[in-house]
Number of protein chains: 2
Amino acid sequence: MSEPVSELAVRAEKLDAADELRGSRDAFVLDDVTYLDGNSLGALPAVVPGRIEDVVRRQWGELRIRSWEESGWWTAPERIGDRIAPLVGAAPGQIVVGDSTSVNVFKALVGAVRMAGEGRDELLVDATTFPTDGYIAESAARMTGCTLRPVAPADVPGALGDRTAAVLLNHVDYRTGRLHDLPALTAAVHEAGAVAVWDLCHSAGALPVGLDEHGVDLAVGCTYKYLNGGPGSPAYLYVRRDVQDRFDSPLPGWNSHAEPFGMRSEYEAAPGALRGRVGTPDILSMLALEAALEVWDGVSVEAVRAKSLALTDFFLECVERYVPEGGVECLTPVAHGERGSQIALRCHDAGAVMKRLIERGVVGDFRAPDVLRFGFTPLYVGFADVERAARVLAETLA
Amino acid sequence: MSEPVSELAVRAEKLDAADELRGSRDAFVLDDVTYLDGNSLGALPAVVPGRIEDVVRRQWGELRIRSWEESGWWTAPERIGDRIAPLVGAAPGQIVVGDSTSVNVFKALVGAVRMAGEGRDELLVDATTFPTDGYIAESAARMTGCTLRPVAPADVPGALGDRTAAVLLNHVDYRTGRLHDLPALTAAVHEAGAVAVWDLCHSAGALPVGLDEHGVDLAVGCTYKYLNGGPGSPAYLYVRRDVQDRFDSPLPGWNSHAEPFGMRSEYEAAPGALRGRVGTPDILSMLALEAALEVWDGVSVEAVRAKSLALTDFFLECVERYVPEGGVECLTPVAHGERGSQIALRCHDAGAVMKRLIERGVVGDFRAPDVLRFGFTPLYVGFADVERAARVLAETLA
């Protein structure tokens, strides 16, 4: 602690006062915990409890089966997809919500290989991916007769070739917080004639994605991190409009049928993004998410990104000032263009350190074997939180 | 209407008074609607709203990320599976809850084909199945190199052969309410060396299933019908204990890993039923289901079955007395051994008839092209409901 505490704390106060997003914090249920784990489970939006009570007591309890039509349950997957769309730079009609991220990765990858066509039998996957994407990619490769090849994102351009069917990449690395270059990598994948599939779990709601602008083919993401949909809230699948006709889902459940209530024994895929649906949507989780998305009304993703970078810059500065040299090693890139909305610090005995931090009211998380992760959710984390977290971290390590 | 209304109404009153399950009705939120659509969406159990409020406000809102451990979120899929187990005649450790029925059909069928082994490349599916099972079976066949063959359940024994890998059957037909002979058909499938997969959507919670007793290999079911889990509540997958080691899921998400938080790039399936898990479970829907299952405390499935048959017998009697000859044709078998817990009546202009019934407070549903479905959920439907439904039906048709 080479500097007096007060200087950074005073600056935090000024930064908070000037923060144009500070009003968004009131849209969440928060307490005096410094919650830096919104990149794992977003905080509860204040609108959700009342909405869910209505869904349970009135829509289910009173209207019962009629709610599939009258309460808009049936169309929730595409309606909520359209609500997520502007947050990831997509025009309406390209996103459906439902199932877990893992299930959507499977749909996207098998769909991608089928789109790629004959003679392309190699699937590339981010070698540093969150494990589920790798496991599911292995299954998708096995079931489509492809070879799976794990490649570090930076090495993807050199690994592409005539046989590449599809590439699955993470926009932001779950562990290090590194932001990968979606526009350049997508262009390289297309240059090679392959299909680009992006996992947006750690970027959507934290920074601009630009799916349409950059011509991404397929994308998936969860909704319980920066989108605050609640524990295990349903994931989403993006299928770019001009490849929708060629999207051939490996999970053609009745909800993806052109005429779901026709009860026809022959399958015929619905037009558009609807063919990404599968079975009956889990309405409680889905409508909690829909309510949670209201916190984005009037919020620009660009403003969120600007604050996110200011928060992580300030955190790095506070850590550098408070934590003695050698106490932690930052795994997250310093360059803004390579940084998501989290900071990953490697330190000795990280699991135990995180436990002590949580006991002191600073909640991040631990990722094996040696990483402390701190997520910065600009809608409800302020600069005073950041200063406090760094200070308590320094005290904990001391 | 060849008999006075009062005679059947009086009998209904006596039957209700003698009904040992009549107390269960108090466990649900009901009104004066005659709700005969619990085979599509079960009524709201009274315990659910308060539980969900706690899950949202305290577990998510206050404990946030800590709830994955402290509120038992992480282990919910297998814990709730064990709660469903006695209702379908399964010992603990064989059922996990999560994903939609369609997704579970995919897991079960691909898993079944992989279990069946070399040289078996034909998949049989109930030709009269609810469509999603047929669509998903087609995808599973395509992705495992099998041929799909739709066969009426009664013809399955004759269709089995050396090349049969697996057979997907419905315990109760969604349209006609016909109960298929699970013990005999499972034995026939095994006799042929194939794997038996059962869809329990329309039987679990309405009649004894006996999965363990009859040696069923794999089974799936939804939880929003007779199990009252709520709209789109998660489905379940049963994998019989002695085939679990051979169950090789096509959706090996990180939740099914032997060490999910090890973040290892190599996949290693968890032991037991856990390998049926995929991604992060949708906690709100899952814990609403867990609460809903409490209505089964102290209820025997045998008592439910006895009442179900008494209800459907009485409904058939009332319809016969009230509805003029030729007004409706019953598609549901009269023999108890072939009847589930619903009555399907074919009639002219069935869609419009059901609309008028619903306007008059008798809620069943319509299945294209010409079927009225009435579901009898013994936990909350009484004999007076049955008499009223038949009477209003007769008046509507008149």
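Which residue stands opposite B:Val371 of S13(B)?

A: That would be B:Arg367. Before going further, keep in mind that this is a predicted model.

S13 of chain B covers residues 371–375, and it is mostly covered: five of its five residues are buried. To call a residue buried here, its relative accessible area has to be under 20%. In a regular strand, side chains alternate between the two faces of the sheet. In S13(B), B:Val371, B:Arg373 and B:Gly375 point one way, while B:Leu372 and B:Phe374 point the other way, and all are buried.

Now for the strands that pair with it. Strand S12 of chain B, residues 365–367, pairs with S13(B) in the antiparallel sense over three bridges. A hairpin of three residues links S12(B) to S13(B). Strand S10 of chain B, residues 342–346, also runs antiparallel to S13(B), and five bridges join the two. Within that pairing, B:Leu345 has B:Leu372 as its bridge partner. B:Leu372 is also one of the two residues that point the other way from B:Val371.

Chain B has another sheet worth a visit. This one is open, has seven strands and mixed pairing, and its order is S2-S8-S7-S6-S5-S3-S4. Strands S2 (95–97) and S4 (147–151) of chain B stand at the edges with a single partner strand each, so one side of each has no neighbour in the sheet. From one strand to the next, the twist averages 15°. At the S4(B) end, strand S3 of chain B (residues 122–126) runs parallel to S4(B), with five bridges between them. One of the pairs there is B:Leu124 with B:Arg149 of S4(B). Helix H8 of chain B, residues 182–191, packs on the sheet and touches strands S5 (164–170) and S6 (195–199) of chain B; the direction of H8 makes about 150° with that of S6(B).

A loop of chain B is next. B:Gln244 sits in the loop between strand S8 (236–239) and helix H9 (283–292) of chain B. With a relative accessible area of 5%, B:Gln244 is buried. A polar atom of the B:Gln244 side chain lies 2.9 Å from the backbone oxygen of B:Val239. Leaving out residues up to four places away in sequence, B:Gln244 touches several residues, among them B:Gly93, B:Gln94 and B:Arg275.

An unreviewed UniProt entry lists A:Lys225 for "modified residue: N6-(pyridoxal phosphate)lysine". A:Lys225 lies in the loop between strand S7 (218–221) and strand S8 (236–239) of chain A. It's buried too, with a relative accessible area of 10%. The side chain of A:Lys225 reaches the backbone oxygen of A:Asn39 at 3.2 Å. Setting aside neighbours within four places in sequence, the contacts of A:Lys225 include A:Gly38, A:Ser40, A:Cys201 and A:His202.

Finally, the two chains meet. The contact takes 73 residues from chain B and 73 residues from chain A. Between them, about 6000 Å² is buried, with carbon and sulfur atoms giving 67% of that area. B:Trp60, B:Arg64 and B:Tyr135 supply 14% of the area that chain B buries against chain A, more than any other three residues.

Definitions and conventions: Residues numbered from 1 in each chain as written. Chains lettered and ligands numbered in written order. Predicted model: local features only at pLDDT ≥ 70, side-chain atom pairs only at ≥ 80, totals over all residues. Heavy atoms only, no water. Pairing = 2+ DSSP bridges. Helix = DSSP H or I, 4+ residues; strand = E, 2+ residues; numbered from the N terminus. Axes fitted to C-alpha atoms, helices over the stretch in contact; angles between N-to-C directions. Contact = heavy atoms within 4.5 Å. UniProt positions renumbered as here; feature names shortened; annotations may be inferred. Buried < 20%, exposed > 50% of the residue type's maximum accessible area, 1.4 Å probe, protein only. Polar contact = N/O pair within 3.5 Å; in protein donor to acceptor, adjacent residues only side chain to side chain. Buried area = accessible area lost by both parts, 1.4 Å probe.
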